[in-house]
Amino acid sequence: PVVPRVTALDPEIASVGLSHAECVANYGANGFLYLKVPEEGTDRADMDSIGRPTIGFVELRVSCATGRILGATICLPSAPEIANELGLAIRHKMTCRDIAKSIHYYPSYGYLMHRVALALAFNNVWGMLGACGPVGRVVGGIGRTIQAGLDKINPRKRTKKAMRDWQAQGASQEFYFPSEDSDASNASTLSTTSGISFLEAAERDDLCKAAREVVKEQAKNLHPSNSTTSVAASFVDWLDSKPN
């Protein structure tokens with residue numbers, strides 16, 4: 001069974017299916033699509049979030065090859081109800097296209113999840129064809145199948161288990177820096193990354209360079225030991241452990 005995981009906060013936090021790190025471990029960083037959308041700009045959220053400091057979000061993760069829903073994380077007042085709907089979708093192997101084709105009441109928090117599914121469904125030409133009637137659905141399905149086969153054949157598209165494990169480790173670790181630790185220039189650069197994962201940070205050359213400089217300064221006792229240097233050291237160790 002697919003069991004939603006809920007933490008009763010304000011707003012509530014719920015997750016269902018595979019986490020982001022589990023998707024990376026099973027499919028590789030390029031083997032699935034995900035989209036994270038904040039609640040800002042939706043009428044229901046704008047009304048209900050007055051006086052609430054936390055901005056909620058919906059993140060949906062789907063398979064690149066089929067569009068099948070793999071997992072989701074929701075931070076909204078109605079997060080458990082959305083997780084229940086997505087849990088049913090995962091249990092019956094539904095795709096983001098199935099969610100996109102269903103009608104959701106507006107304004108509601110479920111409508112935000114519907115918008116995320118709609119954006120993922122139309123992410124490529126095969127998804128667009130799927131919306132063009134029966135013939136389009138058939139052509140889109142054939143196209144997705146061929147594309148998935150080509151991705152498996154192409155060695156540059158294949159992600160070995162060692163690389164998937166490395167990516168999953170990076171996806172599960174996040175930068176977090178208290179503001180009082182960001183005095184030095186390199187530390188200040190890193191402090192702007194709070195909330196993103198090591199895997200996302202690895203794509204930015206400026207962050208990788210700043211982290212290595214912080215570690216070098218710490219080794220020469222030019223930078224005080226604090227949480228910034230600790231996270232920077234962990235990030236550099238993870239970068240250096242990347243499999244060939």
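Trainee: In this predicted model, which strands does helix α1 lie across, and at about what angle does α1 run to β3?

Mentor: Helix α1, which covers residues 20–27, lies across β2, β3, β4 and β5. Against β3, the direction of α1 is turned by about 165°.

Trainee: α5 also lies across β3; at about what angle does α5 run to β3?

Mentor: The strands that α5 lies across are β3 and β4. Relative to β3, α5 runs at about 145°.

Trainee: What is the order of the strands in the open sheet of five strands, and which are the edge strands?

Mentor: The pairing in this sheet is antiparallel, and the order is β1-β2-β5-β4-β3. On average, and with direction ignored, neighbouring strands are turned by 10° against each other. The strands that pair on one side only, and hence form the edges, are β1 (5–7) and β3 (32–38).

Trainee: Within the sheet, how many bridges join β4 to β5, and which residue is the bridge partner of glutamate 59?

Mentor: β4 and β5 run antiparallel and are joined by six bridges. For glutamate 59, the bridge partner lies in β5 and is threonine 73.

Trainee: Which element gives the most residues to the largest nonpolar core?

Mentor: This core holds 26 residues, and those touching the most other members are Val58, Leu60, Ile69, Ile74, Leu76, Ile82 and Leu86. At least two residues each come from β2 (13–17), β4 (57–63), β5 (69–75), α3 (79–91), α4 (96–101) and α5 (109–121). With seven residues, the element that gives the most is α5.

Trainee: Leaving aside neighbours within four places in sequence, which residues is leucine 86 in contact with?

Mentor: Leucine 86 is one of the core members that touch the most others. With those sequence neighbours set aside, its contacts are Val16, Leu60, Ile69, Ala72, Ile74 and Met113.

Trainee: Does serine 197 count as buried or exposed?

Mentor: Serine 197 sits in the loop between α9 (185–191) and α10 (198–201), and, beyond its neighbours within four places in sequence, it is in contact with Gly170, Ala171, Gln173, Glu174 and Phe175. Because its relative accessibility is 9% and the cut-off is under 20%, serine 197 counts as buried.

Note on methods: Residues are numbered from 1 along each chain as its sequence is written. This is a predicted model: local features need pLDDT of at least 70, side-chain atom pairs count only at pLDDT 80 or more; totals for chains, interfaces and linings use all residues. Side-chain values use heavy atoms; hydrogens and water are left out. A nonpolar core is a set of buried Ala, Val, Leu, Ile, Met, Phe, Trp, Tyr and Cys residues joined through side-chain atoms within 4.5 Å. Buried means under 20% relative accessible area, exposed over 50%, partly exposed in between (1.4 Å probe, protein chains only). Helices (H or I, at least four residues) and strands (E, at least two) are DSSP runs, numbered from the N terminus. Contact means heavy atoms within 4.5 Å. Two strands pair if DSSP finds at least two bridges between them. Axes are lines fitted to C-alpha atoms, for helices over the stretch in contact, and angles run from 0 to 180 degrees between N-to-C directions.
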